[in-house]
Amino acid sequence: MADKNRLRRTLMFVSAQTPGLMKEAYIYGADSIIFDLEDAVAENQKDAARFSLYHALKTIDFMGAERVVRINALDTPHWKEDVRAAVAGGADTIRIPKCETARDVEALDVHLNKVEAEFGRENGSTLVMAALESPKGVLNALQICEASARMIGIAISGGDFRKTMQTSYSPSGNEMFAARGNILLAARACGKQCYDTVFTDLNDMDGFRAEAILAKEMGFDGKSVVSPRQINIVHEVFAPSAKQIIEAERVVRAIRENTAKGIGIFSLDGQMLDIAFLPGAERIIALAKASGIYEGDL
């Protein structure tokens with residue numbers, strides 16, 4: 001069973017049309033690898049890409065990286081076969097592109113039930129994330145998050161969203177603030193993760209770093225990337241500070257000790273704490289471990 005709450009700081013896109021790229025995708029250290037059957041695959045190469053994807057999933061050890069498949073949009077004739085290839089190969093998660101309503105998620109959920117049974121997968125073991133790429137999708141973010149028990153999170157797709165809003169990229173991110181804020185509110189309202197959009201200018205690494213910092217400050221769980229060069233920057237940005245790690249460690253230890261004594265609420269350095277503070281502190285420790293900067297024993 002795939003982990004709904006695993007760390008997804010980086011979600012790297014890789015074309016499913018290129019076996020060589022899929023074969024080596026895990027070596028760069030992305031938390032999640034998104035094998036793309038949609039935009040990265042020519043219309044007349046969809047079948048070949050599915051074949052390559054299936055064999056990559058079945059034969060390559062991706063060393064713990066989450067295996068996500070971006071299927072074609074649900075208004076195309078391709079998506080059902082995309083799902084079959086992904087599930088048969090053992091993919092962890094399906095990503096819906098251009099998701100606009102809860103009905104999109106529900107339709108995928110129904111098809112996944114059939115396909116998991118067809119290939120002997122445990123029912124519900126294939127997770128779902130949705131990419132919101134239009135004003136309609138952004139405004140329906142809460143209903144999309146709540147549409148299926150399989151749903152782990154939602155992502156904003158900046159390129160298509162900017163086009164529909166008749167605007168373009170700006171270093172400030174002003175054109176995306178409303179959309180980013182709305183999907184974050186929706187995700188947090190129902191306990192789902194939320195991922196920021198890609199940054200496509202590979203010659204502007206300073207701009208990319210600035211956008212990654214913005215994503216972290218706004219509260220995103222991670223950021224989609226299109227190049228291995230971007231991975232370490234995101235991991236550095238999302239790594240907690242030494243002060244945050246120390247505070248989180250103290251909170252975790254204090255809550256565990258007091259819970260074991262039957263104490264539900266208590267004071268630590270003048271701050272009232274209870275069990276509700278534990279998930280946030282544990283996430284900081286998990287981020288520190290993933291970043292290779294935690295030497296404690298929690």
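Lys-98 counts as partly exposed because its relative accessibility is 37%; buried means under 20% relative accessible area, exposed over 50%, and partly exposed in between (1.4 Å probe, protein chains only). This is a predicted model, in which local features need pLDDT of at least 70 and side-chain atom pairs count only at pLDDT 80 or more, while totals for chains, interfaces and linings use all residues. Residues are numbered from 1 along each chain as its sequence is written, and side-chain values use heavy atoms, with hydrogens and water left out.

Lys-98 sits in the loop that runs between strand E4 (93-96) and helix H4 (102-118). Helices (H or I, at least four residues) and strands (E, at least two) are DSSP runs, numbered from the N terminus. The phi angle of Lys-98 is near 55 degrees, which is a positive value in a residue other than glycine. Asp-160, a residue of helix H7, touches Lys-98 and also Glu-133, with residues up to four places away in sequence not counted; contact means heavy atoms within 4.5 Å. Asp-160 is partly exposed, since its relative accessibility is 23%. Between Asp-160 and Glu-133 there are 27 positions in sequence, and their C-alpha atoms are 5.5 Å apart in space.

## Overall dimensions

The protein chain contains 12 helices and 10 strands. Its C-alpha trace spans about 65 × 45 × 35 Å along the principal axes. For 298 residues, a compact globule would have a radius of gyration near 19 Å, so the 20 Å of the protein chain agrees with that expectation. The radius is taken over C-alpha atoms, and the globule rule is 2.2 Å times the number of residues to the power 0.38.

Among the contacts in the protein chain with a separation of 6 or more, 70% are between residues 24 or more positions apart.

## Surface and charge

Of the 298 residues in the protein chain, 52% are buried. The accessible surface of the protein chain is about 13900 Å², and carbon and sulfur atoms hold 52% of that area. Accessible areas come from the Shrake-Rupley method with a 1.4 Å probe; for residues, only the protein chains shown count as cover.

There are 35 positive and 41 negative side chains in the protein chain, and 2 Å separates the centres of the two sets. Lys and Arg count as positive and Asp and Glu as negative, while His and the chain ends are not counted. Each charge is placed at NZ of Lys, CZ of Arg, CG of Asp or CD of Glu.

## The buried Gln-230

Gln-230 belongs to the loop between strand E8 (222-225) and helix H10 (231-238). Its relative accessibility is 0%, so Gln-230 counts as buried.

Apart from neighbours within four places in sequence, Gln-230 is in contact with Phe-199, Leu-202, Met-205, Phe-208 and Val-225.

Gln-45 is placed in the loop between strand E2 (32-36) and helix H2 (46-59). Gln-45 is partly exposed because its relative accessible area is 29%. Gln-45 and Ser-134 are separated by 89 residues in sequence and by 27 Å in space, C-alpha to C-alpha.

Gln-166 occupies the loop between helix H7 (158-164) and helix H8 (177-189). With 76% relative accessibility, Gln-166 counts as exposed. Phi of Gln-166 is near 60 degrees, a positive value for a residue that is not glycine.

Ala-276 lies in the loop between strand E10 (271-273) and helix H12 (278-290). A relative accessible area of 60% makes Ala-276 exposed. Ala-276 and Ile-255 are 21 residues apart in sequence, with 9.6 Å between their C-alpha atoms.

Ala-281 is part of helix H12. Ala-281 counts as buried, its relative accessibility being 5%. Setting aside neighbours within four places in sequence, Ala-281 is in contact with Ala-248, Val-251 and Val-252. Asp-82 is 199 residues from Ala-281 along the chain, and the C-alpha atoms of the two are 38 Å apart.
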